[in-house]
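Reader: I am new to this structure and would like to go through it by question and answer. Please show it before we start.

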Amino acid sequence: QVQLVESGGGLVQPGGSLRLSCAASGFTFSTYAMSWYRQAPGKERDLVADISSAGVATNYADSVKGRFTISRDNAKNTVDLQMNSLKPEDTAVYYCRVLKWEKSRLYAYWGQGTQVTVSS
């Protein structure tokens, strides 16, 4: 079965950096685009960044452009999110997601999330 396990969250001061990682299993990782989402308390879950299956194309939310970088390693079945110049408003639970077709239906699989807190 599909499993996504995020790691790397924590407490960091404003201006600091964190690197999140998502380890995937249970599907042919190299053939699927992957996404990072985040959800702050009381808010909806929003797209942060996504990356194509081969890692050639990436897309970022305006709020993180120039600060965050998404990357993937198809040999290790991992997708990372490098977060620099962190701001308090980046505080959220960060989730890894894959959309997968199964028997003509599209399913969204999510990891359990990792907490990122930006505070002095």
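Predicted model: local features only at pLDDT ≥ 70, side-chain atom pairs only at ≥ 80, totals over all residues.

Reader: How many salt bridges does a search of the whole structure find?
Author: A salt bridge is a side-chain nitrogen of Lys or Arg within 4 Å of a carboxyl oxygen of Asp or Glu. By that rule, the search of the whole structure gives a count of 5.

Reader: Where does D90 lie, and is D90 buried or exposed?
Author: Strands are DSSP runs of E of at least two residues, and helices are runs of H or I of at least four, numbered from the N terminus. On this numbering, D90 sits in the loop between β8 and β9. Buried means under 20% relative accessible area, exposed over 50%, and partly exposed in between, with a 1.4 Å probe and protein chains only. The relative accessible area of D90 is 0%, so D90 is buried.

Reader: Which residue forms a salt bridge with D90 with the closest N and O atoms 2.7 Å apart?
Author: That bridge joins D90 to R67. R67 is in the loop between β6 (58-60) and β7 (68-73) and D90 in the loop between β8 and β9, so the pair ties together parts 23 residues apart in sequence.

Reader: How far apart are the closest N and O atoms in the salt bridge of D62 with K65?
Author: D62 has 64% relative accessibility, so D62 counts as exposed. In the salt bridge of D62 with K65, the closest N and O atoms are separated by 3.1 Å.

Reader: With which side chain does the side chain of Y37 make a polar contact?
Author: Y37 is a residue of strand β4, and it counts as buried because its relative accessibility is 14%. Contact means heavy atoms within 4.5 Å, and beyond four places in sequence Y37 touches residues including V93, Y95 and W110. A polar contact is a pair of N or O atoms within 3.5 Å; within protein, one must be able to donate a hydrogen and the other to accept it, and residues adjacent in sequence count only if both atoms are side-chain atoms. At 3.0 Å, the side chain of Y37 makes such a contact with that of R97.

Reader: Which backbone nitrogen lies 2.7 Å from a polar atom of the side chain of E6?
Author: E6 is in strand β1 (residues 3-7) and counts as buried because its relative accessibility is 4%. The backbone nitrogen of Q112 lies 3.0 Å from a polar atom of the E6 side chain. The one at 2.7 Å belongs to C96.

Reader: What is the phi of S104?
Author: S104 is in the loop between β9 and β10 (105-110). It is exposed because its relative accessible area is 69%. S104 is not a glycine, yet its phi is positive, at about 70°.

Reader: How many residues of the lining of the largest pocket are charged?
Author: A pocket is an open set of points on a 1 Å grid over the protein atoms alone, where a 1.4 Å probe fits, with protein on both sides within 12 Å along at least five of seven lines; lining residues have an atom within 4 Å of a point. Here 13 residues line the largest pocket, with R38, A40, K43, D46 and E89 nearest its centre. Asp, Glu, Lys and Arg count as charged, Ala, Val, Leu, Ile, Met, Phe, Trp, Tyr, Cys and Pro as nonpolar, and the others, Gly among them, as polar. The lining has 4 nonpolar and 3 polar residues, and the number of charged ones is 6.

Note on methods
Residues numbered from 1 in each chain as written. Heavy atoms only, no water.
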